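Subject: Structure handover

Hello,

Here is the structure to look through. My notes on it follow below.

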Amino acid sequence: MAEAPLLEVKNLQVQFKTADGVVNAVNNVSFSVNRGETLGIVGESGSGKSVTSLSIMRLIPSPPGKIAGGQILFDGDNLVDFSESEMRKIRGNRISMIFQDPMTSLNPVLRIGRQMTESLQLHMGMTPKQARNRAIDLLSMVGIPAPDKRLDDFPHQFSGGMRQRVMIAMGLACNPELLIADEPTTALDVTIQAQILELLNRLKNETGTAIIFITHDLGVVAGMTDRVIVMYAGRVVEQASTNELFRNPRMPYTIGLLDSIPRLDGIQTRLTPIPGLPPDLLEKTNRCPFAPRCDFVQEQCWIETPSLRQVAPDHTAACLFDIDRDQRQVMAEKKIAEEEAALDAALEDVLAHEQAS
Amino acid sequence: MAVQNENLLDINGLKMHFPVKSNGLLRRTVGAVKAVDGLSFSVKRGETLGLVGESGCGKSTTGRAILQLHRPTAGTVNFDGKELTKLNGEAMRQMRRKVQIIFQDPYASLNPRMTVGDIVGEPIRVHNLRTGKEVRTRVEELLRVVGLNPYFINRYPHEFSGGQRQRIGIARALAVEPDFIVCDEPVSALDVSIQAQIINLLQDLQGQFGLTYLFIAHNLSVVKHISDRVAVMYLGKMVELAPSKQLYANPMHPYTQALLSAVPIPDPEVEKQRQRIILQGDVPSPLNPPSGCHFHTRCPIVIDKCKVEDPPFQDYGGGHFVACWRATESQEQMEKKLQ
């Protein structure tokens, strides 16, 4: 029998009350993370990927936000039922988080050392001396030169990439079982991003920590993760192993995303964008959230919200129809041909007119 | 008719230094941030020149110095036979009709208290391109060109999404019928699915109106996709400039090689095979750049000469410019380093 997953999110529902009505930021989201695995969560702004991760940490500001339903099972315990003091024992200890912006997620008026040793003393019961030594070890592990001196520096004395290293060191301080990295490299330059990704990969192999890697960059997902879930409008719309998802995407949104990014090693002359705008989460509808932007939309899509269904072994997608990437290509070519035909017809019309007059 | 110069824009020795003042009473100038430090390049008529580099390398400053939004410290900017750095007052104002800019942040670059009609119509009125009711007709036409419903003309920027706002910014730039547009990170703030829409729009407009673009971005995949030629900047200097295909297939500067190898490719199988050149450390401060070649502190294949002598930016054939002492052997040396 397979080992029970480390984290299991079941039918998670998160709502925010706003002046305009209730926003369903996360809708019926279910997924799991195995020990030592890296799970990627991909989605655009407003897709609910960050809210999902904040819910796991129980960091949703309440009010206005609230976990309206579902379970978050961490090592068998339902975190949704935990009290604040029980959560404090988990946060930073068994689950920790790295945020996107290393500029704002460190306290600017406290020295790095103070911020790093806090969780070590709190969770691991270390003495100040022990905690300081451990902090030095952690800083050198993430590749910060002269760690014993840098420990007494303030955050503003570090560059962006260095701050993100400090954040990673803090995240790993208590040997967490799960590390949630929310767009950890989005604010960084590409050469620094490469450094940080390499570091995360190395640390993962050394410590065996499971990682939830949240990003909008499909390139980063391809290189970093074992499994991927794709979110759209607060829902999981596709879930598969990384190789399978990139080789054989089945949800029209995922297909659209992959077709709309220019590739460094590609030779496309023209991108195929996803038409239209991201969805409005205020609307409560029964249709497929992607229907207004979908190339393959059919009548059924407007009256039924598709749920995840198995489309291949260990591959689920929330689409009513069996769509794959080749079909989109065929479709796009057909569309171009139709447009050309219409143009030709118009041209002939004009010519006929001219001849007649 | 006189034969038109092939180059729309010729830039020579462009420098943009920002003075750093002391905190004391006298506010003496104690140094300079050398944001752009001696660039020479040209932009051909109708082409897209991509300008890439990491934050702080001076790529945006270059765009602004060309448009004279910052007055350059030194150097010449020759646009279509006119020397922009010498223009003032009315002559400069006339010139601005020909050169426009699209900004990165569609939230900050539109006045929140003006309607779309006013935003796009303002440049038309300022330059007396249309009068009376024709202004509105022209604005509606421009909105259609950029793929917005002309019905939105009386709305305010906050009523639009990021991608739509970027379209408004593009319509505003097009309003004066420019020849040259600086696109300063026009898609970086947008969601992936919207980026492709804007990139396609920019390409369509270029074909339609014969525009010339300077496309500034940090995303190398996007730049490769849209540009005919690409220039790479590092710490205020240009390190490599080549036709797009050539640069990506055969990068000669070690920095370009590292930059390209660092870009993630959305294909797990390709990612597993790739060898990354991981640069150590951070970009040095432009306040006090390293001696010799600016890149020598992070270069994996540095030699002693690099530390003292600044390599010339020279053509290695076919318009492939590189500023590196080891340009011809850099790939081979880098291979060896990786093993």
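Two residues are taken to be in contact if their C-beta atoms, placed from the backbone, lie within 7 Å. The model is a predicted one.

Chain B

Among contacts in chain B between residues at least 6 apart in sequence, those joining residues at least 24 apart make up 64%. Twelve helices and twelve strands form the secondary structure of chain B. Its radius of gyration is 21 Å, close to the 20 Å that the globule rule gives for 339 residues, so chain B is as compact as a globular protein of that length. The C-alpha trace of chain B spans about 70 × 60 × 50 Å along its principal axes. Of the 339 residues in chain B, 45% are buried.

Where the chains meet

Chain A brings 37 residues to the contact and chain B brings 34 residues. On the side of chain A that touches chain B, at least two residues each come from α7 (190-207), α8 (218-224), α9 (242-247) and α10 (252-260) of chain A. The most is given by α7(A), with six residues. That side of chain A has 16 nonpolar, 14 polar and seven charged residues.

A helix pair in chain A

Helix α3 (residues 112-124) and helix α6 (residues 160-172) of chain A have axes that come within 9 Å and cross at roughly 20 degrees. Angles under 35 degrees count as roughly parallel, so α3(A) is roughly parallel to α6(A). The crossing of the two helices is right-handed. From α3(A), the contact uses Ile112(A), Gln115(A), Met116(A) and Ser119(A), and from α6(A) it uses Val166(A), Ala169(A) and Met170(A). By class, the contact of α3(A) with α6(A) has five nonpolar, two polar and no charged residues.

Regards

Note on methods: Residues numbered from 1 in each chain as written. Chains lettered and ligands numbered in written order. Predicted model: local features only at pLDDT ≥ 70, side-chain atom pairs only at ≥ 80, totals over all residues. Helix = DSSP H or I, 4+ residues; strand = E, 2+ residues; numbered from the N terminus. Nonpolar A, V, L, I, M, F, W, Y, C, P; charged D, E, K, R; others polar. Rg over C-alpha atoms; globule rule 2.2 N^0.38 Å. Buried ≥ 20, exposed ≤ 12 C-beta atoms within 10 Å, placed from the backbone. Axes fitted to C-alpha atoms, helices over the stretch in contact; angles between N-to-C directions. Parallel < 35°, antiparallel > 145°, perpendicular 65-115°, else oblique. Left-handed = near helix turned anticlockwise from the far one by under 90°.
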